[in-house]
Amino acid sequence: MLDFNFYVTTPRLAITYLNPGNESHIAFTLELYKNYTTIGANGKPERSIPDRAAAIDLLEGRATQIETTGYGRYGVSLLPPSAEPDEDMAKRVENATPIGLITLNLRGPDTPPLPDIGFNLLTSARGKGYATEAAKGLMDYYDREKGVTELLGYCGSDNTASMKVLRRAGFELLGERNIGSLMTHVSIKKNGQRHALLVWIRGLKKDPKEYGL
Ligand SMILES: CC(C)(COP(=O)(O)OP(=O)(O)OC[C@H]1O[C@@H](n2cnc3c(N)ncnc32)[C@H](O)[C@@H]1OP(=O)(O)O)[C@@H](O)C(=O)NCCC(=O)NCCS
């Protein structure tokens, strides 16, 4: 069982596990995915996470993933200002407002064997530096606690905001790559137009070719 009291903080943010038993995490999940659709059995688009039960299901699955693999999705929450200089950090984390996700994913056998970073903020939280701050916070944590320093980033060639975050977080652009299992969800836009998949690297100790890149 994950310890849902776990947290890492940055100056403005708390990075935590997403808890299927926490009402603010459930409400945040519904808000984040409100415009996400999949094609239903009748061939029409339907919401991927339509209700509370689906949100809890998603959070439970993600909690199991992180518990069993050590990689996955973390919640990013905005810390409230401290009421007193010596206010307990755990209390501030408990009262923080969820604004997004930060992920380190280790994917299947048909992808390079290094974790990749990802981010997704509620629209209202963008343009304030939170994604970059969260990425740096999570990377520092993996470096410090797990010795993980070799990282990748993937994004579609049209995703300017994502590229800027990756650059600010210290990634270098390696170039376009065709990685089968990532092509559908990273490089194809909703309107069906295809964009290249860009691969970014940070801290690699060997030639990227040795990782299949
Ligand atoms: C990708 C995504 C997370 C980027 O969010 P973002 O808010 O633009 O990124 P940051 O948090 O790093 O914020 C940087 C911006 O905040 C501005 N900013 C404002 N106050 C700031 C502060 N105090 N500190 C740092 N930056 C600040 C920066 O100038 C920068 O603006 P710019 O991009 O116009 O130059 C967001 O667009 C998103 O969630 N997109 C949908 C999901 C997605 O595409 N994910 C990536 C899949 S590969």
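**View 1. Cysteine 155 and its counterpart across the strands.** In this predicted model, cysteine 155 stands opposite leucine 198, a residue of strand 10. Leucine 152 likewise has a counterpart in strand 10, where isoleucine 201 stands opposite. The two strands shown here, strand 8 (residues 151-156) and strand 10 (residues 197-202), are paired in the antiparallel sense, and six bridges make up this pairing.

**View 2. Strand 9 beside strand 10.** Strand 9 and strand 10 run antiparallel and are joined by four bridges. Glutamate 172 has isoleucine 201 of strand 10 as its bridge partner, and isoleucine 201 is also the residue that leucine 152 stands opposite.

View 3. Eight strands form an open sheet with mixed pairing, and their order is 1-2-5-6-7-8-10-9. Because strand 1 (7-9) and strand 9 (172-176) each have a single partner strand, they stand at the edges, and one side of each is left without a neighbour in the sheet. On average, and with direction ignored, neighbouring strands of this sheet are turned by 30 degrees against each other.

**View 4. Helix 4 across the sheet.** Helix 4, which comprises residues 130-146, lies across strand 1, strand 2 (13-16), strand 5 (72-78), strand 6 (97-105), strand 7 (116-121) and strand 8.

Definitions and conventions:
Residues numbered from 1 in each chain as written. Predicted model: local features only at pLDDT ≥ 70, side-chain atom pairs only at ≥ 80, totals over all residues. Pairing = 2+ DSSP bridges. Axes fitted to C-alpha atoms, helices over the stretch in contact; angles between N-to-C directions. Contact = placed C-beta atoms within 7 Å.
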